[in-house]
Amino acid sequence: QVQFVESGGGSVQPGGSLRLSCVVSGSISRFDIWAWYRLVPGNQRELVASITSRTITNYADSVKGRFTISRDNAKKTAFLQMNSLRFEDTAVYYCNLKTPREYWGQGTQVTVSS
């Protein structure tokens, strides 16, 4: 079985930074697209960032210039560096991988507050 373990969430003041990690265990040899999504209660799941096997990245307009997605496929790990955090970044963040099968992490809470 493939298992995802997310970490790095927590509480931070506006303007602060967090780095999320997503580590995969199991027999995975393809990493076509890594992505991070976030979910706020009452809202639809939002694609925050993605990165392809060719390191082509895509970001939601709301996080461009502040967030950076990266991955180390040899270590089966993806990251989301979040800088200049804002109140509206508060959400549960989920790691996603398409291989092209699709897998999800368990989610990690990010709270931005004064």
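A salt bridge is defined here as a side-chain nitrogen of Lys or Arg lying within 4 Å of a carboxyl oxygen of Asp or Glu. The structure is a predicted model, in which local features need pLDDT of at least 70 and side-chain atom pairs count only at pLDDT 80 or more, while totals for chains, interfaces and linings use all residues. Residues are numbered from 1 along each chain as its sequence is written, and side-chain values use heavy atoms, with hydrogens and water left out.

By the definition above, six salt bridges are counted. One of the residues involved is arginine 38, which pairs with aspartate 89 at an N to O distance of 3.0 Å. Aspartate 89 lies in the loop between β8 (77-82) and β9 (91-98), whereas arginine 38 belongs to strand β4 (residues 33-39), so this pair ties together parts that are 51 residues apart in sequence. Strands are DSSP runs (E, at least two residues), numbered from the N terminus.

Aspartate 89 and arginine 38 are both buried, a term that means under 20% relative accessible area; exposed means over 50%, and partly exposed covers the range in between (1.4 Å probe, protein chains only). For arginine 38 the relative accessible area is 6%.

Arginine 38 also forms a salt bridge with glutamate 46, with the closest N and O atoms 2.8 Å apart. Glutamate 46 is partly exposed, at 30% relative accessibility.

A further salt bridge joins lysine 98 and glutamate 102 at 3.6 Å, N to O. Lysine 98 is partly exposed at 25%, and glutamate 102 is partly exposed at 41%. Through shared partners, salt bridges link Arg38, Glu46, Arg66 and Asp89 into one network.

Technical notes. Helix = DSSP H or I, 4+ residues; strand = E, 2+ residues; numbered from the N terminus.
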